[in-house]
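Have a look at the model first.

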Amino acid sequence: LAGAVASTGRPLNIKDAYQDVRFDAAWDRATGYRTRSTLCVPMKNQHGRTIGVVQVLNKHEGHFTVGDEALLSAAEAAMGDLNREREMALKAAEQAAAILAHIPAQSLGSATASLIGALDREEESVLVPVLLALASVGPSEAAPKVASIFADDARSEDVRVAAARALGGIFSDLEASPGEDVVNPVIEAARSDDSEAVRVAAGRALGWARFMTDDQRAALLKDK
């Protein structure tokens, strides 16, 4: 059924999957699950091309309604907007890094100051490209703000990973530690953050740090 939606780009609302010849019951037989009602809607990109399918099964009471279909379609549209925003943010970051690489040294300070000022913005679509651009510049004066963003568990995974990359760029240019309030949250995240992506990004950031003490390296390797 999901394949049919992917092929046609149109939603399907089926009351009894076993009454539809397109339904493949192999998964039910393998798992012991019993598919009854199913609702599938297409996921589309900004060009209107189907790039995936969202499928829900077995409504608790009754069958899926037209209202359910509209709600799932709205949720799909919201997910599509987030994916497009993320793609735009990453593209913006690449463009910002490329621009910064060609800014004359005498002008780089003002450009960097503008980036640091943008760290006060709350929008993820702004923060991610700014943080990734800062990773290319590595300004030590940005360390406290970037570390504060990274340590904020309420931030999204994308923002915290971008912050870790910015910290890696900052750490790579430092001979002395920027302070425990900057470094220790990164060590702790590398050891035990709930997000694997954040743990990996934090570990990579610390890999650039030449200033870490023996105690800090021991803390990084210590079991939780």
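This is a predicted model: local features need pLDDT of at least 70, side-chain atom pairs count only at pLDDT 80 or more; totals for chains, interfaces and linings use all residues.

Numbering starts from 1 along each chain as its sequence is written, and side-chain values use heavy atoms, with hydrogens and water left out.

**Cores**
- The largest nonpolar core has 41 residues; a core here is a set of buried (under 20% relative accessible area, 1.4 Å probe, protein chains only) Ala, Val, Leu, Ile, Met, Phe, Trp, Tyr and Cys residues joined through side-chain atoms within 4.5 Å.
- Leu119, Leu131, Val146, Phe150, Leu167 and Phe171 touch the most other members.
- Another core lies apart from it, with nine residues including Val5, Leu12, Phe23 and Ala25.

**H6 and H7**
- Helices are DSSP runs (H or I, at least four residues), numbered from the N terminus.
- The axes (lines fitted to C-alpha atoms over the stretch in contact, with angles from 0 to 180 degrees between N-to-C directions) come within 8 Å and cross at roughly 150 degrees.
- That makes H6 roughly antiparallel to H7 (angles over 145 degrees).
- Val146 and Phe150 are among the H6 residues that meet H7, where Ala163 and Leu167 are among the partners (contact means heavy atoms within 4.5 Å).

**H8 and H9**
- H8 and H9 pack at about 130 degrees, with axes 7 Å apart.
- Val186 and Ala189 of H8 and Val198 and Ala202 of H9 are among the residues making the contact.

How values were computed
Buried means under 20% relative accessible area, exposed over 50%, partly exposed in between (1.4 Å probe, protein chains only). Helices (H or I, at least four residues) and strands (E, at least two) are DSSP runs, numbered from the N terminus. Angles under 35 degrees count as roughly parallel, over 145 as roughly antiparallel, 65 to 115 as roughly perpendicular and the rest as oblique.
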